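Welcome! Here is a short briefing to read alongside the sequence and the 3D view.

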Amino acid sequence: GRRAGVLSGLGVSSGIVVHMFAASFGLAALLQVWPTAFVLIKWAGVGYLVFLGLRSLLGKTQTLDLQPTHTKRNDWRLYRQGVLCNLLNPKIALFFLAFLPQFTDAARGNLSLQMLFYGTVFASGGLIFILGVAYVFGGAGNWLTAHPGALRFQKWVTGSSMLGLALFVAFDDLSAHRQ
């Protein structure tokens, strides 16, 4: 539903903000200097994607409850999952390290503040997009409720996508080394 999408989206955006601060104050450079940290984060991300994919595929949910009980604990879990998804994505850190510095200029003042500004623009745009997606697709729940077979298909698509992403991330380095 929309609420779950908004909470997850806020979590994803919070993860971006963490990466933004890390890049702005030099922590992302540590990932570049200490490749083992990048590898550890990458494999933690692969493991998390496998966990999410298997949970989706093997979960016992057969119906879609559009009016679930929203407790603070469930809300916190949705938010936390969004944060974890982005924190365990080292490519976001590399994005901030490789892409945003191209827009900074030492002649214009403090580079960290410039990075924070551009990171905030990126995070804000991403949040607006994610909230739009949550609003649009959260409304599709009524249709899913009327079509229980769609839920089984959605579980298969979601689980397979997570496992596919895990494989892509896991073997991404192999394809780069072949070239």
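The protein chain has eight helices and zero strands, where helices (H or I, at least four residues) and strands (E, at least two) are DSSP runs numbered from the N terminus. From the N terminus on, its elements read α-α-α-α-α-α-α-α. Please keep in mind that this is a predicted model, in which local features need pLDDT of at least 70 and side-chain atom pairs count only at pLDDT 80 or more, while totals for chains, interfaces and linings use all residues. Residues are numbered from 1 along each chain as its sequence is written, and side-chain values use heavy atoms, with hydrogens and water left out.

**The chain as a whole**

- Of the 179 residues in the protein chain, 28% are buried; buried means under 20% relative accessible area, exposed over 50%, and partly exposed in between (1.4 Å probe, protein chains only).
- The accessible surface of the protein chain is about 11400 Å², and carbon and sulfur atoms account for 70% of that surface (Shrake-Rupley method, 1.4 Å probe; for residues, only the protein chains shown count as cover).
- Among contacts between residues at least 6 apart in sequence, 85% join residues at least 24 apart, a contact being heavy atoms within 4.5 Å.

**The nonpolar core**

- Ile16, Met20, Ala23, Ile92, Phe96, Leu100, Met115, Leu116 and Ala123 form the largest nonpolar core, nine residues in total; such a core is a set of buried Ala, Val, Leu, Ile, Met, Phe, Trp, Tyr and Cys residues joined through side-chain atoms within 4.5 Å.
- Helix H1 (2–24), helix H5 (90–98) and helix H6 (111–138) each give two or more residues to this core.
- Leaving aside neighbours within four places in sequence, Met115 touches Met20, Ala23, Ser24, Phe96, Leu100, Pro101 and Thr104.

**One side of H5**

- The buried residues of H5 include Pro90, Ile92, Ala93, Phe96 and Leu97.
- They lie on the same side of H5 because they cover an arc of only 155° around the axis, taken from the directions from the helix axis to the C-beta atoms.

**Salt bridges**

- A search of the whole structure finds two salt bridges, each a side-chain nitrogen of Lys or Arg within 4 Å of a carboxyl oxygen of Asp or Glu.
- Asp75 and Arg3 pair through their side chains at 2.4 Å, N to O.
- Asp75 is in helix H4 (residues 72–87) and Arg3 in helix H1, so this pair ties together parts that are 72 residues apart in sequence.
- Asp75 is buried at 12% relative accessibility, whereas Arg3 is partly exposed at 42%.
- Arg108 and Asp105 form a salt bridge at 3.9 Å, N to O; Arg108 is exposed at 70%, and Asp105 is partly exposed at 33%.
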